[in-house]
Amino acid sequence: MAIDPEAGYHFHAGRELAEALGYKDEWLQGIPEESIAALVGTGNPFALGALAPGENVIDMCCGGGIDSLIAAKMVGPTGKVIGVDMTPEMLERARAAAVKTGLTNVEY
């Protein structure tokens, strides 16, 4: 998935999965398509509620960074998000996505 999100897998992924999990369109605005395409989670952490400005967040198994980037937008410039993943390819994808968004309160 980290190398080729479009390869066709036996599980739902990407924008289709984001929709099925209830990700709101406004959360995805400004998130690079490469991050959305790499989504392979099992749930929507934001279904539990929005994050507040100034909060600090750790995104374990951050993958391509979709949740980290959404969280970074929610917590704003006074908050901080740290994404952790075990694969260098996903971390590279997440870092590239963060650069595209211009968010400076997220690191991987």
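Here, buried means under 20% relative accessible area, exposed means over 50%, and partly exposed is anything in between (1.4 Å probe, protein chains only). The model in these views is predicted: local features need pLDDT of at least 70, side-chain atom pairs count only at pLDDT 80 or more, and totals for chains, interfaces and linings use all residues. Numbering runs from 1 along each chain as its sequence is written, and side-chain values use heavy atoms, with hydrogens and water left out.

View 1. Helices (H or I, at least four residues) and strands (E, at least two) are DSSP runs, numbered from the N terminus. Going along the sequence, you get α-α-α-β-α-β-α-β. Of the 108 residues in the protein, 44% are buried.

**View 2. Y23, W27 and F46 are linked into a cluster by ring pairs.** Rings of Phe, Tyr and Trp (its six-membered ring) pair if their centres lie within 6.5 Å; planes under 30 degrees apart are stacked, over 60 edge-to-face, and the rest tilted. Searching the whole structure turns up three aromatic pairs. One of them is Y23 with W27, edge-to-face at 6.1 Å centre to centre and 85 degrees between the planes. Y23 and F46 also count as edge-to-face, because their ring centres are 6.5 Å apart and their planes sit at 75 degrees. Y23 is in the loop between α1 (14-20) and α2 (25-28), while F46 is in the loop between α3 (33-37) and β1, so this pair ties together parts 23 residues apart in sequence. Y23 and W27 are both buried, and F46 is buried too.

**View 3. I58, M60, I82 and V84 make a nonpolar surface patch of about 360 Å².** Patch residues have over 30% relative accessible area and no salt bridge; like charges are joined within 9 Å, nonpolar side chains (Val, Leu, Ile, Met, Phe, Trp, Tyr) within 5 Å. A salt bridge is a side-chain nitrogen of Lys or Arg within 4 Å of a carboxyl oxygen of Asp or Glu. Areas come from the Shrake-Rupley method with a 1.4 Å probe, and for residues only the protein chains shown count as cover. Strands β1 (56-60) and β2 (80-84) each give two or more residues to the patch. M60, in strand β1, is exposed, with a relative accessible area of 55%.
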